[in-house]
Amino acid sequence: MARTVLIAGNWKMNKTIAEGESFADGLKSSIGDHDCEFAVFPPFFSVPFVSARLEGAGVTVGAQDLFWEKSGAFTGEISAEMIADAGGTAVLIGHSERRHEIGETNDVVSRKLKAALDAGLVPVLCVGETLEDREAGDAEPYVRIQLESAVAGLTVHQVQRMILAYEPLWAIGTGRTASPEDADTMHRFVRKFIESRFGADLAASIRILYGGSVKPENATALLGKEDIDGALIGGASLDLDTFLGIAAAAEDPS
Ligand code: PEP
């Protein structure tokens, strides 16, 4: 089953509103040169501005996190409904920086995932092992536990609306990248997991992005792999030319 390549930029805690708008304008004017889909995940403040600039362009604009309650006394938090109200249609869930820097557990990730689905957002669920687990040969069991916890109790209909991202922790922001073969092996493992829980049709259609120091120089090899359906890009998504360079490399099989 054909899965449209998705090139997604996670801006993390970068870019002012004006910088985000300028990026959005440039992206909008370049969309016609590409066959893939695009998504950007700006900081919360920029979501309404970036989504307004990208209106009608077919680019997904999402937030980098949410809180699972709808409203109430949760100082500093942002709900899924607020993201939708601001023009966001997607959200990153369980990014490794939130899991490992902020301390989000699998239980927290699962609550956030359900809140995103309930609010009609497209969740991009991030999973990925630590270096210790990879070196110990435990990468797959580690990722399986993350997946099991996240999708427990979800229906086929809900999982159909999700995107998955495999981001080995040791490859994020480090300049180290999983080899295309290792990444593809893990993507196949993730797809098999989805198949075992939700059936072959869903497994064949769900998109699994790779994340971890993706750049134009390694995108062709990574995205040329059968089970890698796009990229979630941090550092290299901040510069528009580099971001578009990854899309161009992904579209070039040579
Ligand atoms: C990310 O933030 O999801 C990421 C993969 O970062 P980087 O591309 O900088 O490794």
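1. First, the terms. On a 1 Å grid over the protein atoms alone, a pocket is an open set of points with protein on both sides within 12 Å along at least five of seven lines, while a cavity is a set of points where a 1.4 Å probe fits but cannot get out; lining residues have an atom within 4 Å of a point. A molecule sits in a pocket or cavity if more than half of its atoms lie within 2 Å of its grid points. By that test, the ligand sits in the second largest pocket.

2. A word on provenance. This is a predicted model, where local features need pLDDT of at least 70, side-chain atom pairs count only at pLDDT 80 or more, and totals for chains, interfaces and linings use all residues. Residues are numbered from 1 along each chain as its sequence is written, and side-chain values use heavy atoms, with hydrogens and water left out.

3. Now the ligand's surroundings. The shell holds 14 residues, and Lys12, Glu167, Gly173, Ser213 and Gly234 come nearest (near means a heavy atom within 4 Å of the molecule). This shell divides into four nonpolar, eight polar and two charged residues; Ala, Val, Leu, Ile, Met, Phe, Trp, Tyr, Cys and Pro count as nonpolar, Asp, Glu, Lys and Arg as charged, and the others, Gly among them, as polar.

4. A ligand oxygen is 2.6 Å from a polar backbone atom of glycine 173. On the side-chain part, a ligand oxygen is 2.8 Å from an N or O atom of lysine 12, and for asparagine 10 the value is 3.1 Å. The protein covers 96% of the 290 Å² of accessible area that the ligand has on its own (Shrake-Rupley method, 1.4 Å probe).

5. The second largest pocket has a volume of about 150 Å³, a volume being the space filled by probe spheres set on grid points joined across faces, edges and corners. Its lining has 17 residues, with Lys12, Ile172, Gly173, Gly234 and Gly235 nearest the centre.

6. What is the volume of the largest pocket? About 460 Å³. The lining comprises eight nonpolar, four polar and six charged residues.

7. Finally, the structure holds one cavity of 30 Å³ or more. The largest cavity has a volume of about 40 Å³, and its lining includes His95, Cys126 and Glu167. By class, that lining has two nonpolar, six polar and two charged residues.

Note on methods:
A polar contact is a pair of N or O atoms within 3.5 Å; within protein, one must be able to donate a hydrogen and the other to accept it, and residues adjacent in sequence count only if both atoms are side-chain atoms.
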